[in-house]
Each structure stands twice: as structure tokens, then as C-alpha cells.
Amino acid sequence: MNEGLAVNGSCLCGAVTLTAYPVRRAITLCHCGMCRQWTGGPYMGIECHEPLALSDDAPVTRFPSSPWACRGFCNQCGSHLFFRTNNGHVLVVAAGLFQLDDGWQITDELFMETKPKYYALTGSQRQWIGDGVRRADD
Ligand SMILES: [Zn+2]
Ligand SMILES: [Zn+2]
């Protein structure tokens, strides 16, 4: 764990600025149908500790995408901001909001079983069935 790791970013229009506290310098892709419908492609997210610090009066809408989680977006420009479970255990913030240095890399891909065939990543990141249920190559 990187104590004190913090990143600052903003949405496309700039109305939302935020500071997030990543668990590590790692980006996870989610290929599940909900993430792809939400973002238009695989969701590239950073697992973060709470709190997610949003600017005062940030125009954020929280959409309850399932009984157990919500997704936040800027209601002025539509930028995807975060996925958060209602129990507070998981907070994943959109990687594209931040200017990340070269120390960052994609480490994991989730829901490989629902990834469409029209795209694929190269690289040595771990690939998982579901949300880390088992390795896709097992
Ligand atoms: Zn915005
Ligand atoms: Zn997903």
C-alpha cells in the first residue's frame, strides 16, 4: 500500500474537481455489460480509499445502478466519475479524470467472460472471470 498516495483531477467541463486516494498505482478494467453501457467501452478505474473529496457544489448525480452500488457522473458534461458500493467497501474512480505518471499500469481485467470480441488488450495484466472469482486462464 502506498501511504499518502493522492491524485487530483477533474471532469471534462471542469465543474467537478476531485482528490482521490488510490490504494496502489494500478488501473483495473471492467468489461461487464453495465460498465460498458455506462462508459461506452471498458471502464478503466482506480480502486481508492475513502473519502473521495469533491469540490464544493460539484454537480454530481449518483445513479443507483444496482441494489448494491451507485455510479456518479458530472451532470453538466456527463463525465463518468466513480463506482461505489453502498456498503462502503468498494470505491473505484475513473482513471481518465487524472493525469497519471508513468508509474501507473493496468494490472487487472474483470469480467473477461462478458468482454466482446471486437477489442482486446495486449500486456501481462491478470485476467479474471467475474469480479475476481477465478483467473480467466484457469
Ligand atoms: Zn463536468
Ligand atoms: Zn463492471
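In which segment is the place of Gly 4? Gly 4 lies in the segment before strand S1 (7-10); strands here are DSSP runs of E with at least two residues, helices are runs of H or I with at least four, and both are numbered from the N terminus.

The model is predicted, so local features need pLDDT of at least 70 and side-chain atom pairs count only at pLDDT 80 or more, while totals for chains, interfaces and linings use all residues. Residues are numbered from 1 along each chain as its sequence is written, and chains are lettered from A and ligands numbered from 1 in the order in which they are written.

Next, display the whole chain. There are 1 helix and 11 strands, in the order β-β-β-α-β-β-β-β-β-β-β-β. Of the 138 residues, 29% count as buried.

Then select strands S9 (residues 105-110) and S10 (residues 126-129), which pair in the parallel sense over 2 bridges; pairing requires at least two DSSP bridges between strands. Within this pair, Glu 109 has Gln 127 of S10 as its bridge partner.

Finally, move to S11 (residues 134-135), joined to S10 by 2 bridges in an antiparallel arrangement. Here Trp 128 is bridged to Arg 135 of S11. The hairpin of S10 and S11 has 4 residues between the strands, and Gly 130 takes a positive phi near 60°.

Technical notes. A residue is buried if 20 or more other C-beta atoms lie within 10 Å of its own, exposed if 12 or fewer, and partly exposed in between; C-beta atoms are placed from the backbone.
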